[in-house]
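Please walk through this structure with the sequence and the coordinates side by side.

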Amino acid sequence: MSRERKYAMIIDTKRCVGCSACVYACKAENNVPHGFCRDWIVSITKGTFPDLSLLNRSERCQHCEDAPCVTNCPTQASHYQGDGTVQIDRDLCTGCKACLAACPYDARYIHPQGFADKCSFCSHRIKDGLNTTACTEVCPTSCLTLVDLNSNDGKAEALMKGREVKIDKPHAGTKPKLFWLV
Amino acid sequence: MVSSYSRRDFIKISSCFLASSAFVGVNPIGLFAEDMDGVLADKVVPTICELCFWRCGVNAHVKEGKVFKLTGQQDHPLSNGKLCPRGTGGHGLLYDPDRLKTPLIRETVNGKQQFRAASWEEAITLIARKFDQIKETEGADKIVLFSHGFGASFFKRLFKAYGIHNFSAPSYAQCRGAREEAFKLTFGHGVGSPEGLDIAQSKCLLLIGSHLGENMHNTAVQDFADAVSAGCKVIAVDPRFSVAASKAERWLPIKPGTDLALIRSLIHVLLEENLYDQKFVKDNCIGLEDLRAGVVDATPEEAYSLTGIDAQTIRDVARDLARFAPASLVHPGRHVAWYGDDTQRSRAIAILNALLGNYKQPGGLIHQTEKYGVPNPYHFPSNKKTAVKYKSKFPMASKVPSNEIVEETIKGNFKSWFVYGTNLTETLGDQKATLEAIKALDFMVAVDVLPMEVTGYADVVLPEVTYLERYDDLDDRVYRKPYVAIRQPAVSPLSHLDAKPGHEIAGLLAKEWGLSELFPPIEEYLDQRLQAAGLDLKTMKEKGVLVKEDKHIYQAPGEQLQFRTPSGKIELSSANLQSHGFDSVPQYTKHPENPPGYYRLIYGRVPMHTFGRTANNRILGELMPENELWINQITGQDLGLIDGEYVHLINQEGKKSVSKIKLKLTERIRPDVVYMAHGFGHTDPRLKFAYHRGASANEMITQLTIDPIMGGTGLKNNFVTFSR
């Protein structure tokens, strides 16, 4: 790898219809056990009949640049990968749940086999040279895009141009890498 | 500009479902050992989805003989590499532990009826001899084939050759039949499936009850998202704040049952303010003056008193449609069997589109005519000597309404049903009549993958393998581009089941009837068809789909438009309808109102399910195991109902729902209406997951309002109240 990568995800809530194809696709791709999920849909209704608004968005691990799960992991199972993603080494994980408590985004769960689990940005696919995750690939509205913020392909800029961009809980100071377009 | 969401806004819908749902059993697949993220497939098989009728191209990812993942085919015009949630969970059907295992034959033991497992030979012989007997004694016209799904084509061919010509499908009178007839009357052709609509390029899109986004037809939703991103002005007419309404510039929370009054008023404004495309209408339409006279009374003020949509909004919507015309589109909908005036309502939509001049224009109606074109060298001679085709009593019914077959069966005019892939007792409304008809039958056969309710009433049940285990005929259609696609087995039929593909079942019957030459081995048949088009099966199996360009979607410069109507023009006023005693221009008649204390029951689709077809799918059921009844927050509170509690429904005729349904108190619906997803509340205990989960809308629909033009069943004139 000639340069360091920094993967992030851009999520266009204007396109998202909240269908959950991303959830099913992730579960199949990553063999997520029954009753758990690595990504999910948040659906927010505001107002009263008939003055209403509805926002749907797909969420997952934020792959923070300053990740409390990494800081708080006593065994270094949670770690930064060279591509800007946060990963879990299952062999080192003791299932102590320190990361679950530390994560401001509630992105993790304990796998029935005893380790912490969460979205990996489909690390295996990235390593395989694909520029999609299972969820970005399946999404019928193409509202999810995996981007490399260190690349100069202009993809992230093109998507964000002229749009209001939100991140979740900037006050947590974790430098999250999911960007929502509203 | 980076800003933040506030914490209390966060409600994890999906994970809430996960945490709160009780699951029956565990993952039935149990495929992988630990630590198997991102399994690499041994092979990827391109095939066609069957989770709904859209029929997207999918890639089945197979590892150690098992399908573990389904993705959208990149080159298939219906998927473009994408897939909806249902298609993504399609292997939940393949590995459903409740699948039918063997042929079943009804028998009576000690006065009690039960099924016994039978061999294919015994079951097939029984059906063949029974049909022979009916054919000889009473005539093959006493037999009806009901079907839904792509696999039915083999049975249709077989039956035609045998001499059975009575085919019926609930997809007609219970779904889009009225729309097709209305567009034929107006434009000379139906809207078709997948619909010929240029949504992606629309600049102004009027949705009347269409809930795109919850209605998850893959490419239609892709197109809708593209339109929304491009700034399309969406206007959503719906008693419920649908997902589509949330993307809309205007939401018109219409009083249900009054849609036709609204559309007539939009026509009125376009004519009154001369906003319609005058050149287009002059060149291509007839009946403008009749139309003008026919909607003279449909003022926005009059429409307000009926629909609850204020007059200014109606004028604004009409002006918006006109401003962006011809890139304005009034969506014709799909399931239109609502109130019994459905042909006329669809006619009004067709007329509105005509006035906008959007025919064969970017962003408007497109006419997808050019198929890929794979000829069929196998001649299937139609045996017309032995039977006459039943003719519907409804003048404009180009197909026989399923409800009419039910009626005629009760009268004794049909003696036998062969039911392929359609759960009739859960689709036709008026369950009592359906069951009465079934009772009156001498002999009934059901072919299905799962023990759907209808199979429980059959004399012989034949288990079919799923779409992931079989070949079907070639899919030769068009969605903007003509294509031919193949359905082929991703895996061998599951060995612990004695199920067969439809083509093989039809082949076995054909052999009994001396028609074997109609069913050569399936690969030979497909290859011969493909060879006739200069293609071959090997290439087709590798590629999955072949695509051509269609240069005729839009009107070419100087192209004279032609319409296959009696006048050769778009018929704003229909002499054809008038000659049968119907209104030549759609008129509005009021529908029944809510009885006091009752709420009109409307229903629709959800992204995770295709009605009852997927209710037993464990993968899909993980995120949506049951349906909910939406009721307005204030209405619910006034009635003392609690969000999340379970209630029985009781309809206007006192019919009480078999199972209870969870209440969802929400601001997103009018106070006089309740809404639920169709297809839940299954009553056959053999459907172990779906059994008694949620409630059935069909069960509550005891009142059918029949469309006098084509016999469709208005299903939304039913009302419910609640009981703990």
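**A parallel sheet in chain B**

E9(B) and E13(B) run parallel and are joined by three bridges, where helices (H or I, at least four residues) and strands (E, at least two) are DSSP runs numbered from the N terminus, and two strands pair if DSSP finds at least two bridges between them. Within this pairing, B:Cys204 stands opposite B:Ser328 in E13(B). The model is a predicted one, in which local features need pLDDT of at least 70 and side-chain atom pairs count only at pLDDT 80 or more, while totals for chains, interfaces and linings use all residues. Residues are numbered from 1 along each chain as its sequence is written, and chains are lettered from A and ligands numbered from 1 in the order in which they are written.

The two strands belong to an open sheet of four strands in chain B, with the order E11-E10-E9-E13 and parallel pairing. E11 and E13 of chain B stand at the edges with a single partner strand each, so one side of each has no neighbour in the sheet. From one strand to the next, the twist averages 10°, with axes taken as lines fitted to C-alpha atoms (for helices over the stretch in contact) and angles running from 0 to 180 degrees between N-to-C directions.

Helix H13 of chain B, residues 311–324, has 14 residues and reaches 20 Å from its first C-alpha to its last, close to the 20 Å expected at 1.5 Å a residue; the expected span is 1.5 Å times one less than the number of residues. Its buried residues are B:Ile314, B:Val317, B:Ala318, B:Leu321 and B:Ala322, where buried stands for 20 or more other C-beta atoms within 10 Å of a residue's own, exposed for 12 or fewer and partly exposed for values in between, with C-beta atoms placed from the backbone. These residues lie on the same side of H13(B) because they cover an arc of only 135° around the axis, the arc being that of the directions from the helix axis to the C-beta atoms. Among the elements of chain B that they pack against are strands E9, E10, E11 and E13, contact being defined by C-beta atoms, placed from the backbone, that lie within 7 Å.

The domain assignment of chain B gives domain 1 (7–94), domain 2 (104–172 + 373–547) and domain 3 (193–367 + 589–724), with bounds that come from an automatic or database domain assignment. In chain B, 21 residues of domain 1 are in contact with 21 residues of domain 2. On the domain 1 side of chain B that touches domain 2, E2(B) gives the most, with four residues.

Strand E16 of chain B, residues 460–463, is covered on both faces, with B:Val460 and B:Leu462 buried on one side and B:Val461 and B:Pro463 buried on the other. E16(B) pairs with strand E5 of chain B in the antiparallel sense over two bridges, and with strand E15 of chain B in the parallel sense over four bridges. B:Val461 has B:Leu104 opposite it and also B:Ala446.

**Two buried residues**

B:Tyr479 lies in strand E17 of chain B and counts as buried because it has 26 C-beta neighbours inside 10 Å. B:Tyr479 touches B:Pro77, B:Leu78, B:Pro194 and B:Thr219, not counting residues up to four places away in sequence.

B:Ala499 sits in the loop between strand E18 and helix H17 of chain B, and B:Ala499 counts as buried because it has 24 C-beta neighbours inside 10 Å.
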